[in-house]
Each structure stands twice: as C-alpha cells, then as structure tokens.
Amino acid sequence: MIPAAFEYYRPKDMAGVLSILEEHGDDARVMAGGHSLIPMMKLRMADVPHLIDLQDVGGMSDVSIGSDSIRIGALVTQHDIIDNDALAAAAPILREAALQIADPQVRYMGTVGGNVANGDPGNDMPGLMQCLGATFTVVGADGERDIPARDFYEAAYMTAREDDEVLTAVTIPMPHGGYAYEKQKRKIGDYATAAAAAQIVKGGTTCASASIAMTNLSDTPVFSEAAGAALVGTSVDDAAIKAAIAAMLGDIDPTEDNRGPVAFKKHVAGVILRRAIERAWSRA
Ligand code: FAD
C-alpha cells in the first residue's frame with residue numbers, strides 16, 4: 001500500500017497546470033481531492049510519475065446559481081454541496097445524492113470534478129449529471145470546450161476528456177419538477193450495487209417529461225432515454241413504471257462481481273428505479 005515514487009507539483013494557476021501536463025504527457029495526472037487517485041496509486045493500479053495537485057488553482061471552488069442554470073466549480077467538494085442551503089433549495093437532488101456518497105471523511109475531500117472526471121462506473125455523480133442534462137467544461141492547450149455529460153463516458157475510466165485537458169466546471173440547467181436519487185449499497189460508505197437518478201415534470205395529471213440515469217450497472221453510467229419516454233403521457237401508474245423498468249433493463253449491461261451475479265443486479269436495478277420514479281413523481 002505504498003505508491004511508487006512521484007514528483008509532486010502544486011501550481012498556482014491553470015497555466016502552470018497545463019504547462020506541466022504538456023511537458024510530461026501521459027506521465028502526468030492532476031489530483032483534486034485524491035480520494036480515488038491516491039488509493040489507486042497505493043494499490044499500484046495507477047502509475048503517476050508527475051502528480052499535479054489542483055488545490056491552489058483559483059476559480060474552481062465556487063457555486064453560482066443563475067436564473068436558468070447552476071455552475072459548480074470542479075473543486076467544490078461533496079461536503080460543500082451538502083452544506084450549501086441555496087444550492088439545496090435550487091437543486092435538492094444534488095444534496096440527496098451527495099449524502100449517499102461514501103462517508104463524511106471522503107465527502108470533505110472528494111470533489112465534484114474528480115467524481116465526474118474519474119470515469120469510475122461506481123461514482124454516483126456521473127449518472128446524476130446525465131439525468132440533469134449537465135455539461136462539463138474542460139480546458140487544454142487548445143482552449144476551452146463544453147462536453148454534455150451524456151456524451152462524456154466512453155468505457156470504464158475512458159472519457160471524452162483528453163489527457164492534457166482539465167475539467168473546470170459542471171453546468172446544470174435549472175432543475176424542475178420532482179426528483180429522487182435512490183441507491184442500494186452493501187453497507188454504509190460503499191459504492192452502489194445499483195443507483196437511479198430520476199427527474200419528472202408533471203403537466204396536469206400526467207408526466208410531461210422524465211429523465212432517468214443508472215449507476216454501476218454497465219462500464220459507464222447509463223442515461224436511459226427509453227425509460228424516461230415510457231413515462232411520458234402516462235399518470236405514472238404501475239403499468240408505466242413496469243414499462244420504464246423494462247426499457248431501463250434493455251439499456252444496462254451489468255457484470256458479475258463481489259456485489260452479486262447479473263440476475264441479482266438486474267433485480268436490484270428494477271427495485272431501485274421503481275423507488276426513484278415513485279418518489280420523484282410524488283414530489284413532482
Ligand atoms: P481524485 O482522486 O483527485 O481524482 C480522481 C481522478 O479524476 C483522477 O484520475 C484525476 O486525475 C481525475 N481528476 C480529478 N479532478 C480532475 C479535474 N478537475 N479535471 C480532470 N481530471 C480530474 N464515490 C462515489 O461516487 N460514491 C461512493 O459511494 C464512493 N465511496 C467511496 C468510498 C471510499 C472509502 C473512498 C476512498 C472513495 C469513495 N468514493 C465514492 C470516491 C470519492 O467520491 C472520490 O473522492 C471521488 O470519486 C473523486 O474525487 P476526488 O476529488 O477525490 O478526485
């Protein structure tokens with residue numbers, strides 16, 4: 001559990017970060033809270049000869065709540081999300097989900113940027129951000145670009161971010177309607193066996209729109225457009241929920257591991273999605 005030797009850098013600005021990334025290429029990696037990367041380095045699953053700590057880089061630790069969107073800096077921690085009452089009023093699903101991540105010690109250090117950039121299918125924020133239709137801003141030598149969360153994840157630990165780009169912020173369209181983040185885990189502090197994010201907007205007595213994403217049930221988070229579509233125009237009754245679950249099961253591709261066999265994971269995914277839909281609908 002001792003990492004290989006590495007050079008440690010703590011640049012004061014983004015230009016410094018980008019120049020170290022350019023100089024060392026694949027041998028350099030940024031670190032935010034370090035609560036995914038350092039364990040990987042200690043287990044020798046990540047070899048990082050040049051480690052660039054982002055903590056002194058300004059401009060990435062704020063949350064700004066606008067009239068139609070919310071911008072969260074990459075270095076905002078999971079604890080900051082939980083602690084921010086204005087943010088919880090504007091987008092309560094963020095606090096609900098953050099409270100289900102790990103434990104307080106991890107949440108004091110783990111950042112939103114690190115959680116979404118990591119590419120670990122077990123991370124909770126990627127699916128949440130897909131459900132909310134978020135956009136990730138990254139900056140590199142060629143400037144800044146925005147990548148929709150729904151297009152960001154390519155495979156486990158593989159994302160649309162280039163190695164020499166840094167994720168600086170997450171922008172979320174102002175959420176509307178009812179919401180729920182439901183997570184099944186083996187014990188407190190564990191990653192999900194299955195988790196579901198749901199956002200439902202009501203129009204009269206029926207569902208006007210629904211957005212659903214699942215966590216840890218494929219090698220990427222899964223935005224299930226078909227599951228959301230199965231609810232639209234219905235009164236979110238039992239038949240509609242069963243149709244949404246069937247659609248979601250067609251989109252996920254779980255594998256057997258120490259959280260259980262495939263059949264069990266699919267069963268849990270269905271139970272969790274039903275709970276998320278029912279709670280989101282009750283709040284819509
Ligand atoms: P780091 O560890 O610093 O970085 C993670 C990866 O992202 C690295 O590859 C790094 O290079 C990259 N990265 C970080 N920031 C940026 C950036 N701004 N731009 C580009 N790349 C970047 N997470 C969950 O979601 N759910 C859980 O249930 C959960 N349980 C946990 C339990 C334990 C015991 C531990 C130790 C961690 C757990 N985590 C869980 C992970 C935790 O939330 C991490 O802190 C988080 O996933 C990564 O955030 P970080 O800031 O620590 O990133």
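Select residues 262-283, helix α12: its 22 residues reach 32 Å from the first C-alpha to the last, close to the 32 Å expected at 1.5 Å a residue. The expected span is 1.5 Å times one less than the number of residues. Helices (H or I, at least four residues) and strands (E, at least two) are DSSP runs, numbered from the N terminus.

The model is predicted: local features need pLDDT of at least 70, side-chain atom pairs count only at pLDDT 80 or more, and totals for chains, interfaces and linings use all residues. Residues are numbered from 1 along each chain as its sequence is written.

**Along α12**

Next, colour Lys265, Ala269, Ile272, Leu273, Ala276, Ile277, Ala280 and Trp281, the buried residues of α12. Seen down the axis of α12, these buried residues fall within an arc of 160°, so they line one face of the helix. The arc is that of the directions from the helix axis to the C-beta atoms. A residue is buried if 20 or more other C-beta atoms lie within 10 Å of its own, exposed if 12 or fewer, and partly exposed in between, with C-beta atoms placed from the backbone. An α-helix has 3.6 residues a turn, so residues three or four places apart point the same way.

Turn to the face of α12 away from its buried side to find the exposed residues Ala263 and Ser282. What do the buried residues of α12 pack against? Show β11 (178-185), β12 (192-203), β13 (206-215), α10 (225-231) and α11 (238-251), which are their packing partners.

**On to α11**

Select α11, one of those partners of α12. At 1.5 Å a residue its 14 residues should span 20 Å, and the end C-alpha atoms of α11 are 20 Å apart, which agrees. The buried residues in α11 are Ala240, Ile241, Ala244, Ile245 and Met248. They cover an arc of only 140° around the axis, which puts them on the same side of α11. The cover over these buried residues includes β13, α10 and α12. On the face of α11 turned away from the buried side, look for the exposed residues Asp238, Ala239 and Gly250.

Step back into the loop between α10 and α11 and pick Val236. Is Val236 buried or exposed? Val236 is buried, because 24 other C-beta atoms lie within 10 Å. Val236 is not a glycine, yet it has a positive phi of about 50°.

**The whole chain**

Zoom out. The chain has 12 helices and 14 strands. Its radius of gyration is 19 Å, close to the 19 Å that the globule rule gives for 284 residues, so the chain is as compact as a globular protein of that length. That radius is taken over C-alpha atoms, and the rule is 2.2 Å times the number of residues to the power 0.38. Along the principal axes, the C-alpha atoms fill a box of roughly 55 × 45 × 35 Å. Of the 284 residues, 43% count as buried. Of the contacts between residues at least 6 apart in sequence, 63% join residues at least 24 apart. Two residues are in contact if their C-beta atoms, placed from the backbone, lie within 7 Å.

**Domains**

Colour domain 1 (7-53), domain 2 (63-173) and domain 3 (178-283). These bounds come from an automatic or database domain assignment. The C-alpha centres of domain 1 and domain 2 lie 19 Å apart. Across this pair, 12 residues of domain 1 are in contact with 17 residues of domain 2. Helix α1 (residues 14-24) gives the largest share of the domain 1 side, 5 residues. That side divides into 6 nonpolar, 4 polar and 2 charged residues. Nonpolar here means Ala, Val, Leu, Ile, Met, Phe, Trp, Tyr, Cys and Pro; charged means Asp, Glu, Lys and Arg; the others, Gly among them, are polar.

Select Met31 in strand β2 (residues 28-31). Met31 counts as buried because it has 21 C-beta neighbours inside 10 Å. Leaving out residues up to four places away in sequence, Met31 touches Leu37, Leu51, Ile52, Asp53 and Leu54.

Go to Ile2, in the segment before β1 (7-9). With 7 C-beta neighbours inside 10 Å, Ile2 counts as exposed. Pro39 is 37 residues from Ile2 in sequence and 9.4 Å away, C-alpha to C-alpha.

End at Tyr157, in the loop between β8 (153-155) and β9 (158-159). Tyr157 counts as partly exposed, with 15 C-beta neighbours inside 10 Å. Its phi is near 65°, a positive value in a residue other than glycine.
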